[in-house]
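Okay, thanks for coming, everyone. I'll walk through one model today, so let me put it up on the screen.

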Amino acid sequence: MEIIHISAECYPMAKAGGLADVVGALPKYQQDLGHVAKVVMPMYRTKFLYENEWTVEHKGNLRMGEAYYDFTIIREASNKLGFDLYCVDINGLLDREKIYGYDDDTERFTAFQIAVLEWMSQWQHRPDIVHVHDHHTGLIPFMMQNCFVYRYLASIKTVLTIHNAQYQGWMSWEKATYLPAWDTWKWGLLEWDNMVNPLACGIKCAHKVTTVSPGYMREIKYNANGLEFLFELEAGKCTGIINGIDYAVWDPAIDTYILSNFSTKKIKEGKHLNKKKLCDDFGFDIQLPLFVFIGRLVGEKAADLLPESISRAFDQMPGAFSFLILGSGEKYVEAALQNIQEQHVGYYNTQIAYNEKLSHQMYAGADFLLMPSRVEPCGLNQLYAMRYGTVPVVRRTGGLRDTVIDFEDEGGYGICFNNASVADIIHGMTRAVKLYKDPTTMQQLRWRMMQVETSWERSALQYIDLYLSIL
Ligand code: ADP
């Protein structure tokens, strides 16, 4: 089977969050299962682009409304990722350093999708499956089926994976003219709530729709930023498949970012050495339990609750723990997290940054990883934490509910709480501080969580079964 993944992110070329990790790993595991998997993404100006060799695969041009663009498709020459990675260059739109956050993101991602289809419709062979990810590629199934110029692609089966339903790529109706001429009887497929909604359109047009955990698929019917009823309507073609983690990147036994490699055989020593490095770097006391938070500082992650939760936890348990934060996002959350730094010197630090290496060091060196998320489609952080023997302290929601079992329940290894609230976060942290005082149980939990099967192998097979069900 040949599968083409089309995505705005793919690790290590460009990453803003979990989408990149998934698109950088799933194709590799699909290749291991004997299939051909390729990834097509925009050619941002990232470090990976400049550090690798590329070959030009195709040159073409496209029209988007009144504007004309030339585009070029390049392929990473050495196949170092374990699958073919193609990048689409469109001068004036995609030649930027960042992935998102520009005023013309609608134009950037619409042109990207058109370029991919222009290329595919001129290509010599047809993939069996076109697998699109999130709203940035949500118009592709519609265009394949309804734009007259892409008739050649109309019978190819499509799958949409939703990594995050909060963002939907809303566009005003004038922008529907950006798409190559389409069958206007089908306008209803583009529409949701009087807007063109690329995510809703993907859900309507793809042959199968998945979310990145079964728990999120259940919750999305009640909480999907306005798409709840659509999920109700389309329930028959929707399933949840839990993400895995890429053991080639996330394994404490071989991770080159961390100071001391370790496996289940030397957890105690490995955790100690990695914790020492973190504590030395940030001036923390190694004797105290070390909490970390890694992620986007946004409402979905309940990052706005962190400043008050941490301050009140310090008031209630003075000198009882250290806390390190790595992330960036809402400016007011960043400022609030930095503001409390002065009051807790030696116990607390915030790094407002995106830092892949430090994130690995934090998973390896911390005792506890806090994830109080309001919404968590799957969550990879808790899976990485578990793999690195760091106890996840999580709110029971979406993928967190599916992957973390409270240590007081049978076979458990984490700490779970019910509400994204200051009170529940502090309660979870208090249980963690108490647990830390029992090193034997801590050691058992670490050993247990490091054995939990979180690899992509099982989930990659589930995707293959899903493709087969529509072929
Ligand atoms: P998201 O909703 O952001 O996609 P996930 O838990 O699915 O959340 O994935 C987050 C990924 O992004 C993880 O690989 C995590 O380590 C990484 N990450 C998030 N913020 C940062 C940061 N500031 N620095 C380094 N890595 C980060």
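**Ser 213 and its surroundings**

Let's start with one serine: the side chain of Ser 213 has a polar atom 3.1 Å from the backbone nitrogen of Tyr 216. Before I go on, keep in mind that this is a predicted model. As for where we are in the chain, Ser 213 sits in the loop between β10 (208–211) and α7 (214–219).

So, is Ser 213 buried or exposed? It's buried, because its relative accessible area is 0%, and the cut-off for buried is under 20%. If you leave out neighbours within four places in sequence, the residues in contact with Ser 213 include Gly 240, Ile 241 and Ile 242. Further along the chain numbering, Pro 377, Cys 378, Gly 398, Gly 399 and Asp 402 are in contact with Ser 213 too.

The chain is divided into domain 1, covering 2–244 + 456–470, and domain 2, covering 264–451. Their C-alpha centres lie 33 Å apart. Where they meet, 20 residues of domain 1 are in contact with 17 residues of domain 2.

Next up, Arg 126. You'll find Arg 126 in the loop between α3 (105–122) and β6 (129–133). With a relative accessible area of 35%, Arg 126 is partly exposed. Which residues does Arg 126 touch, not counting those up to four places away in sequence? They are Tyr 152, Ser 155 and Ile 156. Two of these come with polar distances. A polar atom of the Arg 126 side chain lies 2.6 Å from the backbone oxygen of Tyr 152. Then there's a side chain to side chain polar contact between Arg 126 and Ser 155, at 2.8 Å. C-alpha to C-alpha, Arg 126 and Ser 155 are 10.0 Å apart in space, and they're 29 residues apart in sequence.

On to the cavities. How many cavities of 30 Å³ or more does a search of the whole structure find? It finds 2. The largest cavity has a volume of about 80 Å³. Its lining has 13 residues, and those nearest its centre are Asp 21, Ala 25, Asp 246, Trp 250 and Tyr 384. Helix α1 (residues 18–32) gives the most to that lining, with 4 residues. By class, the lining of the largest cavity splits into 9 nonpolar, 2 polar and 2 charged residues.

The second largest cavity holds about 30 Å³ of space. Its lining is Phe 293, Ile 294, Lys 301, Leu 370, Met 371, Ser 373 and Asn 381. The elements that give two or more residues there are β12 (290–297) and β15 (368–371). Class by class, that's 4 nonpolar, 2 polar and 1 charged.

Last topic: some backbone geometry. Tyr 11 and Pro 12 are joined by a cis peptide bond, with omega at about 5°. Pro 12 is in the loop between β1 (2–6) and α1.

Then look at the loop between β8 (191–192) and β9 (195–196), where Asp 193 is found. Asp 193 isn't a glycine, yet has a positive phi of about 55°. Asn 194 is in the loop between β8 and β9 as well. Asn 194 has a positive phi of about 65°, and isn't a glycine either. Asp 193 is exposed, at 58% relative accessible area, and Asn 194 counts as exposed at 61%.

That's my tour, so over to you for questions.

Definitions and conventions:
Residues numbered from 1 in each chain as written. Predicted model: local features only at pLDDT ≥ 70, side-chain atom pairs only at ≥ 80, totals over all residues. Heavy atoms only, no water. 1 Å grid on protein atoms, 1.4 Å probe; cavity = no way out; pocket = protein on both sides within 12 Å on 5 of 7 lines; lining within 4 Å. Points joined across faces, edges and corners; volume = space filled by probe spheres on them. Nonpolar A, V, L, I, M, F, W, Y, C, P; charged D, E, K, R; others polar. Buried < 20%, exposed > 50% of the residue type's maximum accessible area, 1.4 Å probe, protein only. Contact = heavy atoms within 4.5 Å. Polar contact = N/O pair within 3.5 Å; in protein donor to acceptor, adjacent residues only side chain to side chain. Domains from an automatic or database assignment.
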